Amino acid sequence: MQGTEDRAVRARPGAPVAASLAWSDLDDPDLTARRWTLATVDGLLKDNPWQDPPRPRSLAMARGLLTALIRDEAGQTP
């Protein structure tokens with residue numbers, strides 16, 4: 001089944017299923033690590049959380065901040 005390679009049954013009581021989530025799933029107050037199991041995985045498989053990924057972001061700003069921090073800790077000036 002296409003798009004299901006990111007799901008795996010975990011070796012835990014109740015056979016919970018580890019899976020990628022859609023951003024909208026994060027707003028669900030009932031979301032827990034045991035939400036999806038072998039018995040309920042059909043509901044998880046109907047959606048592809050990677051279909052509409054969030055806008056990609058550059059790591060340039062984070063890299064610049066990290067470089068500045070490393071220089072600061074080493075006592076170097078930019």
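Hi everyone. Let me start with a term: pLDDT is the predictor's confidence in each residue, on a scale from 0 to 100. We need it because what you see here is a predicted model. Along the protein chain, confidence is lowest in strand E1, residues 8–9, with a mean of 70. It is highest in helix H2, where the mean is 91. For the chain as a whole, the mean pLDDT is 77, and 81% of the residues reach 70 or more.

Let's look at H2, then. Helix H2 covers residues 60–73, which makes 14 residues. From its first C-alpha to its last it reaches 20 Å, close to the 20 Å expected at 1.5 Å a residue. Just after H2 comes Gly-75, which takes a positive phi of about 80°.

Is Thr-37 buried or exposed? Thr-37 counts as buried, because its relative accessibility is 17% and the cut-off for buried is under 20%. And what does Thr-37 touch, leaving aside residues up to four places away in sequence? The answer is Gly-14, Ala-15, Pro-16 and Val-17. Take Pro-16 from that list: Thr-37 and Pro-16 are 21 residues apart in sequence, yet their C-alpha atoms are 4.1 Å apart in space.

Leu-38 is found in the loop between E2 and H1 too. Leu-38 has 52% relative accessibility, so it counts as exposed, the cut-off there being over 50%.

With a relative accessible area of 58%, Trp-23 is exposed. Together with Leu-21 and Leu-26, Trp-23 makes a nonpolar surface patch of about 340 Å².

Finally, a word about charges. Side chains of opposite charge can pair when their charged atoms come close. How many salt bridges are there in this model? The count comes to 1. Arg-35 forms a salt bridge with Asp-28, and their closest N and O atoms are 2.5 Å apart. Both partners count as partly exposed: Arg-35 at 31% relative accessibility, and Asp-28 at 25%.

Notes:
Residues are numbered from 1 along each chain as its sequence is written. Side-chain values use heavy atoms; hydrogens and water are left out. Patches are made of residues with over 30% relative accessible area and no salt bridge: like charges are joined within 9 Å, nonpolar side chains (Val, Leu, Ile, Met, Phe, Trp, Tyr) within 5 Å. Accessible areas come from the Shrake-Rupley method with a 1.4 Å probe; for residues, only the protein chains shown count as cover. A salt bridge is a side-chain nitrogen of Lys or Arg within 4 Å of a carboxyl oxygen of Asp or Glu. Buried means under 20% relative accessible area, exposed over 50%, partly exposed in between (1.4 Å probe, protein chains only). Helices (H or I, at least four residues) and strands (E, at least two) are DSSP runs, numbered from the N terminus. The expected span of a helix is 1.5 Å times one less than its number of residues. Contact means heavy atoms within 4.5 Å.
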